[in-house]
Amino acid sequence: MKVAVVILNWNGRQMLEKFLPSVCRFSQQEGVEVIVADNASTDDSLAFLSESYPGVRQIVLDKNYGFAEGYNRSLAQVEADYFVLLNSDVEVTEHWIDSVVSYMDEHPDVAACQPKIRAYYAKEHFEHAGASGGFMDKYGYPFCRGRILSVVEEDKGQYDTEKDLFWATGAAFFVRSKVYRACGGLDADFFAHMEEIDLCWRMRNRGYRIVCVPQSVVYHVGGGTLNATNPRKTYLNYRNNLLMIYKNAQPSQLKKMLFARYFLDYLSAFVFLLKGEIGNFKAVFKARSDYAKMKRQFATKRNENVSQMKSPEIKEIYGKSIIFDFYLRKIRSFASLKWI
């Protein structure tokens, strides 16, 4: 098989009912299979699939393994040249697969790609979790071509060129199966959030490229599992971001990054406190505490990643602070960075 489009589902019958039709309609071509992998749903997702989409293959897991391990276990049962990890709340468009796969066929050094991601409920704007490709600043804070922190740009065609990235969104993640497996897949210890950035960082350290192919367009709802202000999401984002830095940062940069993050994380915690977001305030402290506890078990992963590093520098890591640029320089668009 050439392409396996794999949707990980957990109690998402409504999402499947709404968005699976577009996936099936625009993925009907030779060499492409649509698969729904179920994380032990307790709703009627599987019954709905069996009745309404009997031609869609089901992979049924025995419990909810989360996003990362759920995909790892599911993809272990799939054979294809390319995997497409697709969120259940994504509406795809005509030829959404063709342009990305053609690009990857022509560029064997590209390990992963993403389409242009627009917001489902504000279709003229980019979507927060991916936009037109992901980057990271020198302190480990992610941002996008089309989204700087909380500000999402309107899509006016300003980012319609193919672009090398630091990370591709997990909402619609095209990846070579051989590279996915060689790099260890998604890190199950993350459970959910930032696992695709971690995987992309491993790929970039090994010399592979990550690219946005904006000729392919999809629409993403986003925030379907946890909304942006949920303390659980805050906790996972902060904890996993620190684990990701520890695992993947160049030896010459690691101490500097973690030292800076010590102060920046606690500063952001007190910002939450001033805003009256007590749950998020506590989430940052718990995230840092759990990171410290988990760090030792990640030492082997870090050593392996360091041994595989081929390049001392990754040009898609922004050499300044995106936080400083946003709050002090008032930068609100990727193009205003005048960077790459």
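## Salt bridges and a nonpolar patch

In this predicted model, Glu 17 and Arg 13 form a salt bridge whose closest N and O atoms are 3.0 Å apart. Both residues belong to helix α1, which covers residues 13-25. They are four residues apart, about one turn of the helix.

Asp 44 counts as partly exposed, with 37% relative accessibility.

Another salt bridge joins the side chains of Lys 116 and Asp 160, at 2.7 Å from N to O. Lys 116 lies in strand β6 (residues 110-119), while Asp 160 lies in the loop between β11 (151-152) and β12 (163-165), so the pair ties together parts that are 44 residues apart in sequence. Lys 116 is buried, with a relative accessible area of 4%, because a value under 20% counts as buried.

| Salt bridge | N to O distance |
|---|---|
| Glu 17 and Arg 13 | 3.0 Å |
| Lys 116 and Asp 160 | 2.7 Å |

In general, side chains of opposite charge can pair when their charged atoms come close. Across the whole structure, a search finds 23 salt bridges. Some residues are linked in a network of such bridges: Asp 187, Asp 189, Asp 198, Arg 202, Lys 247 and Lys 301.

The surface also has a nonpolar patch. Phe 270, Leu 273, Ile 278 and Phe 285 make up this patch, which has an area of about 330 Å². The elements giving two or more residues to the patch are α8 (251-274) and α9 (278-294). Leu 273, one of the patch residues, lies in helix α8. Leu 273 counts as partly exposed, with a relative accessibility of 34%, and a patch residue must have over 30% relative accessible area, so Leu 273 passes that cut-off.

Technical notes. Residues are numbered from 1 along each chain as its sequence is written. This is a predicted model: local features need pLDDT of at least 70, side-chain atom pairs count only at pLDDT 80 or more; totals for chains, interfaces and linings use all residues. Side-chain values use heavy atoms; hydrogens and water are left out. Patches are made of residues with over 30% relative accessible area and no salt bridge: like charges are joined within 9 Å, nonpolar side chains (Val, Leu, Ile, Met, Phe, Trp, Tyr) within 5 Å. Accessible areas come from the Shrake-Rupley method with a 1.4 Å probe; for residues, only the protein chains shown count as cover. A salt bridge is a side-chain nitrogen of Lys or Arg within 4 Å of a carboxyl oxygen of Asp or Glu. Buried means under 20% relative accessible area, exposed over 50%, partly exposed in between (1.4 Å probe, protein chains only).
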